[in-house]
Structure formats: C-alpha cells, structure tokens
Amino acid sequence: MNILGLVVFAIVFGVALRKLGEEGEILIKFFNSFNEATMVLVSWIMWYAPFGIMFLVASKIVEMEDVTKLFTSLGKYIACCIVGHVIHGFLVLPAIYVIFTRKNPYTFLWGIFTALATAFGTSSSSATLPLMMKCVEENNGVSKQISRFILPIGATVNMDGAALFQCVAAVFIAQLNNVSLNFVQIITILVTATASSVGAAGIPAGGVLTLAIILEAVSLPTNDISLILAVDWLVDRTCTVLNVEGDAFGAGLLQHYTDRMSQKEEGTELNEVKSDGGQSAAAPEHSPLIEKRDPYSSGDKGSSM
C-alpha cells in the first residue's frame with residue numbers, strides 16, 4: 001500500500017476542497033465529524049488498551065528466543081528517544097530562538113516551566129493548552145492575539161517530538177526484525193514521519209496511532225507496535241513536553257517579530273513628524289508677505305526722516 005502517496009493525495013485534496021469555498025464546506029464538515037468520531041472511539045479503546053498491551057507483549061516475549069536481548073533493545077530505544085528529545089529541546093530549539101531574537105532562551109523556558117510540567121504529567125498537548133496560554137502571556141509577554149492564534153494551531157500541527165520518536169521507533173523495529181534500511185527507505189521514514197505527525201491527535205499515545213503509516217510505507221511489520229506501546233507511557237511524556245515547548249517558542253518568535261516591526265513603524269512616523277516640524281519652522285523666513293512688507297517699512301522710515 002502506497003501510504004506516502006495517500007498522504008500527499010489527502011493534502012492536495014484538502015487544498016482543493018478549501019479552494020471550492022462554500023461548495024466544499026459540506027465535505028469538510030463531514031471529514032471533521034468523522035475525525036471527531038474516530039477520536040472518541042480511540043479514547044474508548046485507550047481505556048482497555050493496558051489489558052490488550054499486556055497480552056500482546058506477553059505473546060511477543062514468548063516468541064522471542066533471547067528475552068534479555070529484547071529488554072536491552074527496549075532500554076536502548078527509550079534512552080535514544082529521551083536523549084534525542086533533550087538535545088532538541090535544550091539545544092536546538094533554544095539555539096533557533098537565540099539566532100532570531102538575541103534573547104536568553106532559558107529565561108523563556110523558565111516562564112513556561114509550569115506548562116511543561118503539566119505536559120509531562122498529562123501527556124496531552126490539548127490538555128496543556130490553556131495553561132500554556134496563561135504562562136506565555138503572563139510570564140513571557142506574548143500578546144493574547146498571538147498566543148491564542150499560534151498555540152491552538154501548534155497543538156494540532158506542530159508535533160516535532162512525535163516525529164522524532166516515530167523515526168526512532170521505525171528504525172528500532174527494523175533492527176528488531178534484522179531488516180537493513182537503505183537510503184531511500186530512510187528518506188521515506190523522515191518524510192512520512194513529518195507528514196503524519198502534522199495530523200497526529202494531541203492526546204496520549206497519539207503518535208503511536210500514526211506509526212503504522214510509517215511502517216507500512218517502508219514495508220515493516222506493524223505487529224511490533226505492541227512493544228512500542230508497552231513503553232510509550234514514558235516516551236510519550238517527553239514527546240509532549242517537546243511539542244508544547246516548540247509551540248511556545250513559535251509564539252515567542254512571532255511576538256519578537258511583531259515588536260520589531262512596530263518599533264520600525266514608530267521610528268518612521270517619528271522621523272516624518274520631525275521633518276514636517278522643521279519645514280514648518282523654516283517657512284516664515286521665506287514668506288512672500290515678509291518680502292513685500294520690507295520695502296514699505298523702509299520707505300516709511302525714509303519719509304519720517
């Protein structure tokens with residue numbers, strides 16, 4: 001099944017529906033309702049997921065010849081995900097913020113610490129959204145217009161933590177099945193993970209649901225997702241922290257750009273006011289009324305003498 005082609009078609013089809021205007025709104029509402037119903041079904045399934053995962057993992061352990069190797073591989077997978085998230089969250093994202101704003105990114109991070117802790121505890125970008133809005137507005141000086149526009153979009157679209165975890169999970173499953181990935185398959189994993197993470201739901205284990213798309217794209221077995229689900233309760237927390245952190249930095253970058261543009265406009269208006277004031281002050285010296293009055297005034301003085 002050509003999953004990557006299906007994702008590209010879905011994106012193009014969505015753009016075409018938006019171009020139709022009112023005629024396409026009916027189909028858009030249908031797909032939105034279908035998506036909401038699917039999310040409700042997923043939330044019901046998640047309540048019973050621990051029991052199903054327990055039996056799936058148990059069957060996988062029974063099939064393995066070397067159980068120690070399995071747990072060692074899972075430990076390496078967890079460590080790789082967490083280390084990658086730490087590097088991206090504490091080095092890459094702050095570096096991008098410094099390059100564009102020339103401000104201390106860790107001061108910005110401290111302002112959203114409460115929201116990050118909530119994201120780690122809930123594993124849900126959507127549940128953290130109200131607190132994140134409050135933190136960036138009150139602690140980091142982001143306006144309400146920007147935070148309430150950027151953060152809800154980011155909670156749905158910006159899933160960089162999920163994209164990182166999905167790439168690592170795909171490589172882990174490939175190594176577990178002794179499958180050697182070539183260059184084209186690696187690029188396919190990167191592109192598919194980026195595209196699928198955009199549509200991932202901001203709920204616990206939302207990234208695992210789209211992991212099957214990536215595995216199908218590179219012809220890897222999807223039944224090994226049960227191993228990922230067994231340890232996803234920990235990895236998904238760091239994913240959520242990284243997701244909401246990226247949203248907050250995006251809002252901060254937009255606020256900095258808006259402030260800089262407003263300062264330029266104020267400076268331009270001030271220069272225009274100064275130039276207008278200088279011209280009006282110099283105008284009376286060259287007034288034709290003064291030039292006409294000078295000869296008469298001198299003639300009057302001569303006659304009086």
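This is a predicted model: local features need pLDDT of at least 70, side-chain atom pairs count only at pLDDT 80 or more; totals for chains, interfaces and linings use all residues.
Partly exposed, as used here, means a relative accessible area between the under-20% mark for buried and the over-50% mark for exposed. Arg-148 falls in that class because its relative accessible area is 49%.

**The whole protein**
- Of its 305 residues, 35% count as buried.
- Take the contacts with a separation of 6 or more: 73% of them come from residues 24 or more positions apart.

**Helix α7**
- Helix α7 covers residues 144–157, which makes 14 residues.
- From first C-alpha to last, α7 reaches 20 Å, close to the 20 Å expected at 1.5 Å a residue.
- Ile-146, Ser-147, Leu-151, Gly-154 and Ala-155 are the buried residues to look for in α7.
- Those residues sit on the same side of α7, because they cover an arc of only 125 degrees around the axis.
- As background, an α-helix has 3.6 residues a turn, so residues three or four places apart point the same way.

**Salt bridges**
- Searching the whole structure turns up two salt bridges.
- In general, side chains of opposite charge can pair when their charged atoms come close.
- One of the two joins Arg-148 to Glu-137, at 3.3 Å from N to O.
- That pair ties together distant parts of the chain, with Arg-148 in helix α7 and Glu-137 in helix α6 (residues 125–138), 11 residues apart.
- Its two ends sit in separate classes: Arg-148 is partly exposed at 49%, while Glu-137 is buried, with a relative accessible area of 17%.
- Arg-18 and Glu-25 make a salt bridge too, with their closest N and O atoms 3.2 Å apart.
- Here Arg-18 counts as exposed at 55% relative accessibility, and Glu-25 is partly exposed at 28%.

**Gln-255 and its neighbors**
- Gln-255 belongs to helix α11, which runs over residues 225–282.
- With 10% relative accessibility, Gln-255 counts as buried.
- A polar atom of the Gln-255 side chain lies 2.9 Å from the backbone nitrogen of Ser-143.
- Leaving out residues up to four places away in sequence, Gln-255 touches Gly-141, Val-142, Ser-143 and Ile-146.
- Ile-146 is also one of the buried residues of α7.

Terms used:
Residues are numbered from 1 along each chain as its sequence is written. Side-chain values use heavy atoms; hydrogens and water are left out. Helices (H or I, at least four residues) and strands (E, at least two) are DSSP runs, numbered from the N terminus. The expected span of a helix is 1.5 Å times one less than its number of residues. Buried means under 20% relative accessible area, exposed over 50%, partly exposed in between (1.4 Å probe, protein chains only). The arc is that of the directions from the helix axis to the C-beta atoms. A salt bridge is a side-chain nitrogen of Lys or Arg within 4 Å of a carboxyl oxygen of Asp or Glu. A polar contact is a pair of N or O atoms within 3.5 Å; within protein, one must be able to donate a hydrogen and the other to accept it, and residues adjacent in sequence count only if both atoms are side-chain atoms. Contact means heavy atoms within 4.5 Å.
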